[in-house]
Structure formats: structure tokens, C-alpha cells
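I opened the notebook to go through this fold piece by piece. My entries follow.

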Amino acid sequence: MPIDAARALAADPRQGDIGWDHKDIQLYHLGLGAGLPATDPDELRYTLESKLHVLPSFATVAGAGMAMLGGLGQPGIEVNLAHVLHGGHSIELHRPIPVKGRATSSSKVAAVYDKGKAAVIVLRSEVADADGPLWTSDAQIFVRGEGGFGGERGPSAKEELPGREPDRVEERHIREDQALLYRLSGDWNPLHADPEFAKMAGFDQPILHGLCSYGMTLKAVVDTALGGDVSRVRAYRTRFAGIVFPGETLRIRMWQEPGRVLASVTAVERDDAPVLADTVVEHS
């Protein structure tokens with residue numbers, strides 16, 4: 001059987017050292033579209049080293065970038081990468097991420113769920129530095145054709161949106177070159193850069209990274225609903241519901257509730273086609 005859930009869950013965590021500094025932070029922020037206008041004081045917090053703060057979604061690229069997907073090579077997991085999709089992602093912040101850091105990452109398979117026609121593998125990375133835990137990151141990996149092994153179906157991440165108009169609606173334009181810049185933070189998949197590769201994958205042109213949309217959405221929530229204070233973010237999760245292309249525009253609808261912001265993210269130019277769903281930012 002390609003997935004041996006018991007063996008995967010019992011495997012020892014993989015340990016590794018990671019590090020970052022202000023250049024990695026600035027590059028990541030620029031890849032999300034930060035810095036427009038370039039002299040805006042609010043944007044300088046993302047781009048100027050003397051004023052820099054760290055958007056919590058940087059956790060998805062810190063150190064080894066997409067090394068979390070190395071978890072697919074854990075004992076008990078043998079899958080066809082062509083059948084693998086990044087279905088969702090969540091991060092829990094234990095304290096603000098420093099601008100410069102050295103830390104240890106411990107990665108493991110935290111859960112394997114049986115969705116019938118597919119399996120969902122939860123790859124968890126726990127990161128800590130000399131002062132203690134920094135963040136926990138869960139990647140939900142959807143593997144087509146690998147369900148039906150008799151495992152638990154797993155919890156539902158469905159978030160019902162309030163039956164009222166959103167409290168805020170923000171639009172964020174995606175630059176034509178944004179995927180080219182974002183991939184420098186560690187995701188070198190040619191799907192996001194090579195038109196011929198994108199066509200072989202069934203797309204008219206390269207698509208934006210899902211984790212770029214993820215970061216852009218968190219930035220919009222922080223900047224508008226949380227007063228620009230990244231330290232207020234406690235946790236952030238989403239489900240990747242569709243694609244968006246460079247040159248298009250994200251429409252981010254926000255509903256504010258006590259201690260959290262719910263969001264719905266769509267592509268404006270394609271009749272509000274879903275991009276991110278079941279999106280929640282928990283905050284202080």
C-alpha cells in the first residue's frame with residue numbers, strides 16, 4: 001500500500017537547523033507585493049531594515065523554504081507527486097518572529113486522513129530557538145487516488161461565513177512579475193514561471209503560488225483590520241480553493257468577530273472565482 005499510516009505516524013521527527021536575516025524577510029515581503037508606495041511609512045515596515053517587522057506567514061518559507069514537503073519522503077509514504085496538491089495551510093505563532101534568527105525545525109507526519117478517493121497527509125513543523133518555541137506550521141497535503149485505506153476521515157475545517165455584508169473589502173493587484181519574485185524565497189516549481197510547463201499542467205500561463213496568496217491575504221488583514229500590528233496574530237489558517245494568475249486582482253472580504261477575522265478571497269477578473277476559503281486569522 002502506498003500509504004502506511006501507522007508507520008508514517010510512528011516515524012521519528014526529522015530535525016534540521018534553519019536561519020534567516022533581514023534580507024530573507026525583505027525578499028519575502030517584496031514577493032507579496034509590499035513596498036507600494038515605496039515611501040509609505042506603513043510599507044517601510046516591510047521593506048526597510050531599520051523599521052522592519054515580520055509578517056507571521058514568513059514561517060512558510062523560513063530557512064529551507066519548501067523543505068516541509070520533504071515529509072512526503074517519510075517512512076510509510078510513497079506517493080506519486082503528480083497526484084499531490086497543497087490543500088491547506090495553518091500556522092500557530094507562539095511569539096513574534098525575530099528579524100534575524102537561528103532555530104531548530106522538527107518535522108513529522110502529524111495525521112493521515114482517509115477522504116475516500118483521496119488521502120490527506122498533515123505535515124507538521126515545530127520551530128524553536130534558544131528562547132523557546134516560535135511557531136507550529138501544518139501543511140495539509142491532498143493526495144488523489146490514495147484514499148480508501150480505512151482510516152479516520154478527519155475533522156472538517158469548514159468555516160461558515162456570517163450572513164451579513166463583510167466589514168471590509170480590500171483588493172490587492174498581483175504584479176505580472178510577482179510569481180518570479182516570490183519563488184526566490186524557496187519554491188522553485190516551474191509551474192509558477194515556465195509557460196510551457198504550465199501548459200503541460202493544463203494552465204494557459206504560469207499561476208501564482210498558493211502560499212503567495214496566503215501571505216498577501218494575511219498582510220491585507222494585518223494592515224487594515226489589525227492596525228498594522230503583526231504581533232497581534234496568534235494563528236492563521238486557510239484552504240486553497242482555486243488558482244489566481246499574475247496580473248489579476250485578489251478581492252479579500254473580511255468579517256471581524258471577537259478575537260478573529262474571517263476572510264473570503266476571490267479572483268476579481270474571473271467573476272470572483274474562489275482562491276482561498278475557510279480562512280481565519282486569530283488575534284489578540
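Which residues form one aromatic cluster? I found Trp20, Tyr28, Phe58, Trp135 and Tyr182 in it.

**Ground rules.** I am working on a predicted model, where local features need pLDDT of at least 70, side-chain atom pairs count only at pLDDT 80 or more, and totals for chains, interfaces and linings use all residues. Residues are numbered from 1 along each chain as its sequence is written, and side-chain values use heavy atoms, with hydrogens and water left out.

**Overall.** I looked up the secondary structure and found six helices and ten strands. Helices (H or I, at least four residues) and strands (E, at least two) are DSSP runs, numbered from the N terminus. The C-alpha trace spans about 55 × 50 × 40 Å along its principal axes.

Buried means under 20% relative accessible area, exposed over 50%, and partly exposed in between (1.4 Å probe, protein chains only). The protein exposes about 13,200 Å², and carbon and sulfur atoms supply 51% of it. These areas come from the Shrake-Rupley method with a 1.4 Å probe; for residues, only the protein chains shown count as cover.

I also looked at contacts, meaning heavy atoms within 4.5 Å. Among those between residues at least 6 apart in sequence, 72% join residues at least 24 apart.

**Aromatics.** I listed six aromatic pairs. Rings of Phe, Tyr and Trp (its six-membered ring) pair if their centres lie within 6.5 Å; planes under 30 degrees apart count as stacked, over 60 as edge-to-face and the rest as tilted. One of the pairs is Trp20 with Trp135, which is tilted, at 5.7 Å centre to centre and 50° between the planes. Trp20 lies in strand E1 (residues 14-20) and Trp135 in strand E5 (residues 132-144), so this pair ties together parts that are 115 residues apart in sequence. Trp20 is buried at 4% relative accessible area. Trp135 is buried at 2%.

Lys219 lies over its face, at 4.5 Å from the ring centre. The test asks for NZ of Lys or CZ of Arg within 6 Å of the ring centre and within 35 degrees of the ring normal.

**Around E5.** Which strands are joined to E5 by bridges? Two strands pair if DSSP finds at least two bridges between them. Strand E2 (residues 84-93) runs antiparallel to E5, with nine bridges. Here Val84 has Val143 as its bridge partner. Strand E4 (residues 118-129) is also antiparallel to E5, with twelve bridges. Val120 partners Phe142 there. E4 and E5 form a hairpin with two residues between them.

I picked two valines in E4. Val122 sits in this strand and is buried, at 7%. Its contacts beyond four places in sequence include Tyr113, Asp138 and Gln140. Beyond four places in sequence, Val127 touches residues including Ile18, Pro133 and Trp135. Val127 and Asp17 are 110 residues apart in sequence, yet 9.3 Å apart in space, C-alpha to C-alpha.

**Around E10.** I turned to strand E10 (residues 273-283), where nine of eleven residues are buried. Strand E7 (residues 233-240) runs antiparallel to E10, joined by six bridges. Strand E9 (residues 260-267) is antiparallel to E10 with seven bridges. Leu276 in E10 is the bridge partner of Phe240, and Val265 stands opposite Leu276. E9 and E10 form a hairpin with five residues between them, and Asp271 in the turn has a positive phi of about 55°.

Which residues does Thr217 touch beyond four places in sequence? I found Tyr236, Ile252, Val265, Leu276 and Thr279. Thr217 lies in helix H6 (residues 210-225). It is buried, with a relative accessible area of 0%.
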